[in-house]
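Please look over the sequence and the model below before reading on. The text then goes through its charged pairs, its core and its pockets.

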Amino acid sequence: MSLPEVLSNLDAWKELKKARITAVGMNTAKEAEAKAKQDAPWQDRTGNARQGLRGTSGWEGETLKIRLSHSMEYGPYLELCNDGKYAILEKTLDSFRKDLHDNLKRIMER
C-alpha cells in the first residue's frame, strides 16, 4: 500500500469516527433535554421554563461540546437560588456521563 493510500484511509477512518461521535453527541443532548424537562423540580406556572430547556451538541475545533441550557431569562435564578433547590442542568448532564464515556470508548475501540 502506498503512502497516499495510507493517508487516504486514515482520513476516511477519522471522518467515520467523527461522524459516529457526532451522532452520540446529538443523541445525548436530546436525551438530556428530555430528561431535564421530565425531572425539572419546579412547579410549572406557564410551562415556559420547562419547554425552554435545550440540549445541543456541536464541534468547537476538535472538541465535541454537549450543552444543556435554559432559554428563559430566569433560568440562572432556577439554577443558582434557593441553595440549588430547582437546579436541573448539572445534575442531568452528570447522569449521562458514564453512558457517554462508554459509548465514546466503544466507538474508538472499533
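A salt bridge here is a side-chain nitrogen of Lys or Arg within 4 Å of a carboxyl oxygen of Asp or Glu. The model is a predicted one, and every value below is computed from it. By this rule, D102 and K98 form a salt bridge, with N and O 2.7 Å apart. Both residues belong to helix α4, where they stand four residues apart, about one turn of the helix. D102 is partly exposed because its relative accessible area is 25%, whereas K98 reaches 59% and is therefore exposed. As a general point, side chains of opposite charge can pair when their charged atoms come close.

The count of salt bridges in the model is seven. One of them joins D44 to R50, whose closest N and O atoms are 2.7 Å apart. D44 is partly exposed, at 34% relative accessible area. R50 has a relative accessibility of 15% and is buried, because buried means under 20%. Another salt bridge joins R67 and E60, with 2.5 Å from N to O. R67 is partly exposed at 40%, and E60 is partly exposed at 41%.

Salt bridges also link K30, E33 and K37 into a network. K37 sits in helix α1. Is K37 buried or exposed? Its relative accessibility is 18%, so K37 counts as buried. Apart from neighbours within four places in sequence, K37 is in contact with R50, Q51, L53 and R54.

A40 leads on to the nonpolar core. Which residues make up the largest nonpolar core? It has 11 residues in all: A32, A36, A40, W42, A49, L53, L68, L78, I88, L89 and F96. Helices α1, spanning 3-39, and α4, spanning 89-109, each supply at least two residues of this core. In soluble globular proteins, nonpolar side chains tend to be buried together.

T92 is buried because its relative accessible area is 2%. Leaving out residues up to four places away in sequence, T92 touches A32, K35, A36 and L68. With 38% relative accessibility, S95 is partly exposed, whereas T92 is buried at 2%. The C-alpha atoms of S95 and Q38 are separated by 14 Å, and the two residues are 57 residues apart along the chain.

The largest pocket holds about 250 Å³ of space. Its lining has 14 residues, and those closest to the centre are W42, Q43, R45, Y74 and L78. Which helices each supply at least two residues of the lining of the largest pocket? They are α2, covering 48-51, and α3, covering 75-80. With three residues, α2 gives the most to this lining. By class, the lining of the largest pocket consists of six nonpolar, five polar and three charged residues.

The second largest pocket has a volume of about 160 Å³. Its lining is made up of T28, I66, L93, D94, F96, R97 and L100. Which helix gives the most to the lining of the second largest pocket? Helix α4 does, with five residues. The lining of the second largest pocket comprises four nonpolar, one polar and two charged residues.

Conventions:
Residues numbered from 1 in each chain as written. Predicted model: local features only at pLDDT ≥ 70, side-chain atom pairs only at ≥ 80, totals over all residues. Heavy atoms only, no water. Core = buried A, V, L, I, M, F, W, Y, C linked by side-chain atoms within 4.5 Å. Buried < 20%, exposed > 50% of the residue type's maximum accessible area, 1.4 Å probe, protein only. 1 Å grid on protein atoms, 1.4 Å probe; cavity = no way out; pocket = protein on both sides within 12 Å on 5 of 7 lines; lining within 4 Å. Points joined across faces, edges and corners; volume = space filled by probe spheres on them. Nonpolar A, V, L, I, M, F, W, Y, C, P; charged D, E, K, R; others polar. Contact = heavy atoms within 4.5 Å.
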